[in-house]
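Biologist: Please put the model up. I have some questions about it.

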Amino acid sequence: MPGGQAIGIVIGDQSIHTWDLSKATGQSFAMDEGVASAVLGALHQLLTPERRGPGKAFAEEVACPADASAQDRLLAFSGRQP
């Protein structure tokens, strides 16, 4: 795996799980829109249908308006309710 791709995965993982933690504790968290957009682009390439669903690393994508923020689109794509 290229180093840039590996770094992107780590940044995406940390960003999404930081949002998870903030939501669970009633805090707010706003990702940098550039980071969220880059992670979303990377996930579109890496997150295949066989990695989604019950018992898998990611839930199915949830609906999100096309004009939503990059953060909300990323969260929805990763199976979360923004």
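Biologist: What share of the accessible surface of the protein chain belongs to carbon and sulfur atoms?
Modeller: Keep in mind that this model is predicted. The accessible surface of the protein chain comes to about 5,100 Å². Of that surface, the part belonging to carbon and sulfur atoms is 58%.

Biologist: What percentage of the 82 residues is buried?
Modeller: Buried here means under 20% relative accessible area. By that cut-off, the buried share of the protein chain is 28%.

Biologist: Which pattern does the protein chain follow along the sequence?
Modeller: The protein chain has zero strands. Its helices number three. Read along the sequence, the pattern is α-α-α.

Biologist: Which radius of gyration does the protein chain have?
Modeller: The C-alpha trace spans about 35 × 25 × 25 Å along its principal axes. A compact globule with 82 residues would have a radius of gyration near 12 Å, so the chain agrees with that rule at 12 Å.

Biologist: Which elements give two or more residues to the largest nonpolar core?
Modeller: That core has twelve residues in all, including W19, L43 and F77. The elements giving two or more of them are α1 (3-24), α2 (33-46) and α3 (70-77).

Biologist: V39 is in that core. Which residues is V39 in contact with, leaving aside neighbours within four places in sequence?
Modeller: Contact means heavy atoms within 4.5 Å. With those neighbours left aside, the partners of V39 are I11, G12 and L74.

Biologist: How far apart do the centres of the positive and negative side chains lie?
Modeller: There are 6 positive side chains and 9 negative ones. The centres of the two sets are apart by 6 Å.

Technical notes: Residues are numbered from 1 along each chain as its sequence is written. This is a predicted model: local features need pLDDT of at least 70, side-chain atom pairs count only at pLDDT 80 or more; totals for chains, interfaces and linings use all residues. Side-chain values use heavy atoms; hydrogens and water are left out. Helices (H or I, at least four residues) and strands (E, at least two) are DSSP runs, numbered from the N terminus. The radius of gyration is taken over C-alpha atoms; the globule rule is 2.2 Å times the number of residues to the power 0.38. Buried means under 20% relative accessible area, exposed over 50%, partly exposed in between (1.4 Å probe, protein chains only). Accessible areas come from the Shrake-Rupley method with a 1.4 Å probe; for residues, only the protein chains shown count as cover. Lys and Arg count as positive and Asp and Glu as negative; His and the chain ends are not counted. The place of a charge is taken as NZ of Lys, CZ of Arg, CG of Asp or CD of Glu. A nonpolar core is a set of buried Ala, Val, Leu, Ile, Met, Phe, Trp, Tyr and Cys residues joined through side-chain atoms within 4.5 Å.
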